[in-house]
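This report goes through one structure in parts. Please look over the sequence and the model first.

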Amino acid sequence: MEKSIKPITDFTSLRKLWDEKIKDHYWRDRKYRFGHPDMVMKYLRPELTDVLYEYGCGYGREAFSFSTLVEKVVGADISPTNVKEARSKAKADGNSRINFYLWPEEVENLPDSSFDCAYSYATFQHCEDVVATKALSDIRRLLKPSGRFLFQFGGGPEPDSVRGAFKGVYVDIARSPSEVGVMLETAQLTWEGLIRREVGKFIQYWVFGSREE
Ligand SMILES: C[S@@+](CC[C@H](N)C(=O)[O-])C[C@H]1O[C@@H](n2cnc3c(N)ncnc32)[C@H](O)[C@@H]1O
């Protein structure tokens, strides 16, 4: 039977959807560590003095690793359950280098040009164009003029395919490199390189670059 799948773009419904998914144990109980440390070290090159923004940080799986490499980390996620859990861990660890914010409303209070780098993993493929555009425009505003970024930005198995759905709603959108390029250009983020990686049966695209002056 064919699935009926519809796009979902309003933030309140998205929040409800993701929080339900998270409570349903989606992407939970993974180890607190980088999934792709080689990509982080080679293309984002975190420095000890950096302030880093992570979009779609989940419960902080990678954010806590970043906090050992940079001065300050801000993780943002749409799921209150994730944000709450991440905050509790930071408090329990006594980690004052890391903060977690609810996306989008709390992120709007962060000052312009206050971040040296931005990172995102396994999140943009869950965002409809209108949502991804908003997230990229936040990043453009938050990054310092020379600020760098590294995003894992969707992928295969085939460009334009929809790989998964949750309760009849899009959750997994694959984009072609040119579509990714258009989104970055629209956000005035300069794309310096695109890496295509095969991870099991999936193809991941990673993009890195910096904010246009
Ligand atoms: C596959 S998980 C990845 C989490 C984290 N990046 C990691 O690798 O552990 C996707 C995450 O994106 C978050 N998310 C989904 N849509 C989002 C949106 N529009 N803005 C911010 N976060 C979102 C979900 O709540 C979830 O935590």
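Which are the buried residues of helix 4?

## Helix 4

The buried residues of helix 4 are Asn82, Val83, Ala86 and Ala90, where buried means that 20 or more other C-beta atoms, placed from the backbone, lie within 10 Å of the residue's own. Seen down the helix axis, these buried residues fall within an arc of 95° (taken from the directions from the axis to the C-beta atoms), so they line one face of helix 4. The face turned away from the buried side carries Lys91 and Ala92, which are exposed (12 or fewer such atoms).

Among the elements that cover the buried residues of helix 4 are helix 1, helix 3 (63–66), strand 2 (72–77) and strand 3 (98–102). Helices (H or I, at least four residues) and strands (E, at least two) are DSSP runs, numbered from the N terminus.

## Basis of the model

This is a predicted model: local features need pLDDT of at least 70, side-chain atom pairs count only at pLDDT 80 or more, and totals for chains, interfaces and linings use all residues. Residues are numbered from 1 along each chain as its sequence is written.

## Nonpolar core

The largest nonpolar core has 53 residues; such a core is a set of buried Ala, Val, Leu, Ile, Met, Phe, Trp, Tyr and Cys residues joined through C-beta atoms within 7 Å. Helix 5 gives the most to this core, with six residues.

## Ligand shell

The ligand is surrounded by 21 residues, counted as near if the C-beta atom, placed from the backbone, lies within 6 Å. Helix 1 (11–23) and helix 5 (129–142) each supply at least two residues of this shell, and helix 1 gives the most, with three.

Technical notes. Two residues are in contact if their C-beta atoms, placed from the backbone, lie within 7 Å.
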